[in-house]
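Me: I have a chain open here and have not looked at it before. Can you walk me through it?

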Amino acid sequence: MPLRVLVIDLQERDAPAEEGAPAEPVRNPRVFVNPQILEPSEEHSIYNEGCLSVPEIYAEVERPAAIRARWQDLDGTVREEAMDGLMATCLQHEMDHLEGVLFIDRLSRLKRTMALKKLEKLRKAA
Ligand SMILES: [Zn+2]
């Protein structure tokens, strides 16, 4: 059976130990095997998304604001969780990758063309 696997680490920052000290990113990689999205909310939210696959390109992408996700963990245990905010957006973004879809594919034709032109320029300059 083919496995579809993705890992998300939001590296959310802990409150600094001392006032004025920089917040430490907390590593918390989460593994999702064969993830599914259930019950995407009708309400959408917009995040300024970026992606390692299209470096230095950022664009606002609209996605369901909340989802219920179902996946298996590394032991094969089926898990389900309601998600919203950055986690919901991130999971949807990463699940797109499993289908070969990049966030720029979700932009309007004009914005996508502009993003691709910028990417082409960056590649030539590199
Ligand atoms: Zn990505």
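Me: In what order do the elements of the chain run from the N terminus on?
Reply: They run β-β-β-β-β-β-α-α. That comes to two helices and six strands. Keep in mind that this is a predicted model.

Me: What box do the C-alpha atoms fill?
Reply: Roughly 45 × 45 × 30 Å, taken along the principal axes.

Me: And what share of the residues is buried?
Reply: Buried residues make up 13% of the 126 in the chain.

Me: Which residues form the largest nonpolar core?
Reply: There are six: Phe32, Ile67, Ala69, Trp71, Ala88 and Leu91. Strand 5 gives the most, with three residues.

Me: Now helix 2. How many residues does it have?
Reply: Helix 2 has 17, covering residues 109-125. From its first C-alpha to its last it reaches 24 Å, close to the 24 Å expected at 1.5 Å a residue.

Me: Does helix 2 lie buried or in the open, and why?
Reply: Largely in the open, because the number of buried residues among its 17 is zero.

Me: Last one, on contacts. What share joins residues at least 24 apart?
Reply: Among contacts between residues at least 6 apart in sequence, 51% do.

Definitions and conventions: Residues numbered from 1 in each chain as written. Predicted model: local features only at pLDDT ≥ 70, side-chain atom pairs only at ≥ 80, totals over all residues. Helix = DSSP H or I, 4+ residues; strand = E, 2+ residues; numbered from the N terminus. Expected span 1.5 Å × (residues − 1). Buried ≥ 20, exposed ≤ 12 C-beta atoms within 10 Å, placed from the backbone. Contact = placed C-beta atoms within 7 Å. Core = buried A, V, L, I, M, F, W, Y, C linked by C-beta atoms within 7 Å.
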